[in-house]
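Good morning, everyone. Please have a look at the chain on the screen, and then I will walk you through it.

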Amino acid sequence: MKVRGKWKKTLALLVSLAMLLGMMPDLTLTAVKAAAEENAAESTQTVTFEGIDGTSGCGYGEGYESLFDGKYTESDGTKWCCDFSDSAYVIIEASVPVWIGGYTFVTGNDNARESGRNPKTWKLYGCEAYRFEDEDNSWTEIASVTGDTTMQDKNYTSYPFSVDGNETKYQYYKFEFTANQGADVMQLSEILFDYNVCDHEWVNGETQAATCTKDGFQKKSCKNCKREITTIIPAAHRWGAIGQTKEATCTEGELQEEKCLACEETRWVSKSGGAPALGHDWEETGTEAHTCTENGKIIRTCTRCHAVDEKDDPDDPATGHDFGTDGKCTQCDAAKSDYLTPTTPKGEGTKESPYEIKTAEGRKQAEREKWSTV
Ligand SMILES: [Zn+2]
Ligand SMILES: [Zn+2]
Ligand SMILES: [Zn+2]
Ligand SMILES: [Zn+2]
């Protein structure tokens, strides 16, 4: 940054002056102190973050702007609270480009009562020069969390997350949430960034290689601000040795067995340049006649793998029911759903319902009508 550049020059000048003039060493010390203070001041330089785009809030004052307003306590809490079906996002602008080493999500005012509103799966992206959301911005993924289980249904609670291996400063950030903990609403009262404005110069530190089953890491630290970052090197087998091959089948192409060079593990993969899946060789082996409600079927069997399949026979469609006067289908005995059975009146003076009584209420009604005429 400009200020530090200036101080570095000033410091260099003072040191050389001191050496040149054989001056007291405490002048140099004073200059070093001043430069250090300046650096410290710079690293805590006030940077402001602002939500500039995102998924709209559910209600008044519940927009993404609330994520960076510094209000996230019981006595003074605002929140971003939005409808959630399958995704939500927020785009953030920092007042100057900053490096992000982590971030903290703070839950909202009523997570304890309204369970399932916390995010579960999300990604964080950085972008150097953002224009508009619908334009082709170049976002770089810098962190990813899948199926988080650390965030609880508690109010105003902070959950820090680290950003592993990020080396770059960005001015724009985007959180993209693709799952929450199950509610139809997602909310956060605040997002706090762990950031600084240093122009990092990374130097490699401790390294541990990954094995077949255990992650490794690469540590780096910045010459200027001393921040340390860790890049996870994912565990991975070293596939290479070739084993047997498997011929193509109806549903799978030719396969190649691979063996790990470092352990006993084997796997089957598509053989490169191998034969594709053959597809079934169907032969008609039977039919099934139509019913009132189902079309007739053609049954096919694969001559190679004996898989069986059935499909509708276009020449043998379902016929629909053929209801007789008794309300029953002459073909399949199904009863007509809206059919009312006529009953024979039980003689003069009664007002018995002329229809079959199907419900308890109907029976009571019929009883009342019968007795009322006696
Ligand atoms: Zn640095
Ligand atoms: Zn292995
Ligand atoms: Zn087959
Ligand atoms: Zn029928």
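**Contacts and overall make-up**

Among contacts in the protein chain with a separation of 6 or more, 57% join residues 24 or more positions apart. Contact here means that two C-beta atoms, placed from the backbone, lie within 7 Å.

A word on the source. This is a predicted model, in which local features need pLDDT of at least 70, side-chain atom pairs count only at pLDDT 80 or more, and totals for chains, interfaces and linings use all residues. Residues are numbered from 1 along each chain as its sequence is written, while chains are lettered from A and ligands numbered from 1 in the order in which they are written.

Now, confidence. pLDDT is the predictor's confidence in each residue, from 0 to 100. The average for the protein chain is 85. A score of at least 70 is reached by 78% of the residues. Be careful with residues 1–29: pLDDT stays under 50 there. For that stretch the model has 20 contacts beyond four places in sequence.

Next, the elements. The protein chain has 3 helices and 20 strands. Both are DSSP runs numbered from the N terminus: helices are H or I with at least four residues, strands are E with at least two.

What share of the 374 residues is buried? The value is 15%. Buried means 20 or more other C-beta atoms within 10 Å of the residue's own; exposed means 12 or fewer; partly exposed lies in between, with C-beta atoms placed from the backbone.

**The core**

In soluble globular proteins, nonpolar side chains tend to be buried together. A nonpolar core, for us, is a set of buried Ala, Val, Leu, Ile, Met, Phe, Trp, Tyr and Cys residues joined through C-beta atoms within 7 Å.

Which members of the largest nonpolar core touch the most other members? They are L67, W80, V90, I100 and Y173, out of 37 residues. Six strands are listed as giving at least two residues each: β4 (80–83), β5 (88–106), β6 (119–127), β9 (169–180), β10 (185–188) and β11 (190–196). β5 gives the most, with 11 residues.

Zoom in on V90. Leave out residues up to four places away in sequence. V90 then touches G51, G54, Y64, L67, W80 and F175.

Now V98, in strand β5. Why does V98 count as buried? Because 21 other C-beta atoms lie within 10 Å. Setting aside neighbours within four places in sequence, V98 is in contact with V47, K169, Y195, N196 and V197. V98 and F193 are 95 residues apart in sequence, and 9.8 Å apart in space, C-alpha to C-alpha.

**Two open sheets**

Two strands pair if DSSP finds at least two bridges between them.

Take the sheet with the order β15-β16-β17. This open sheet has 3 strands and antiparallel pairing. β15 (239–246) and β17 each have a single partner strand, so one side of each is left without a neighbour in the sheet. On average, neighbouring strands here are turned by 35° against each other, direction ignored. For such angles, axes are lines fitted to C-alpha atoms, for helices over the stretch in contact, and angles run from 0 to 180 degrees between N-to-C directions.

β16 (residues 255–260) and β17 (residues 266–270) are joined by 5 bridges. They form a hairpin with 5 residues between them. Across this pair, K259 stands opposite T266, and E257 stands opposite W268.

Now the open sheet β18-β19-β20. Its 3 strands also pair antiparallel. Which strands are at the edges? They are β18 (282–288) and β20 (308–312), each pairing on one side only. Neighbouring strands are turned by 30° against each other on average, direction ignored. β18 and β19 (residues 297–302) share 6 bridges. E288 stands opposite K297 in β19.

**Two residues with positive phi**

Y156 is not a glycine, yet its phi is positive, near 40°. Find Y156 in the loop between β7 (140–145) and β8 (158–162). Is Y156 buried or exposed? Y156 counts as buried, because it has 20 C-beta neighbours inside 10 Å.

H306 is no glycine either, and its phi is about 65°. H306 is in the loop between β19 and β20. With 10 C-beta neighbours inside 10 Å, H306 counts as exposed.
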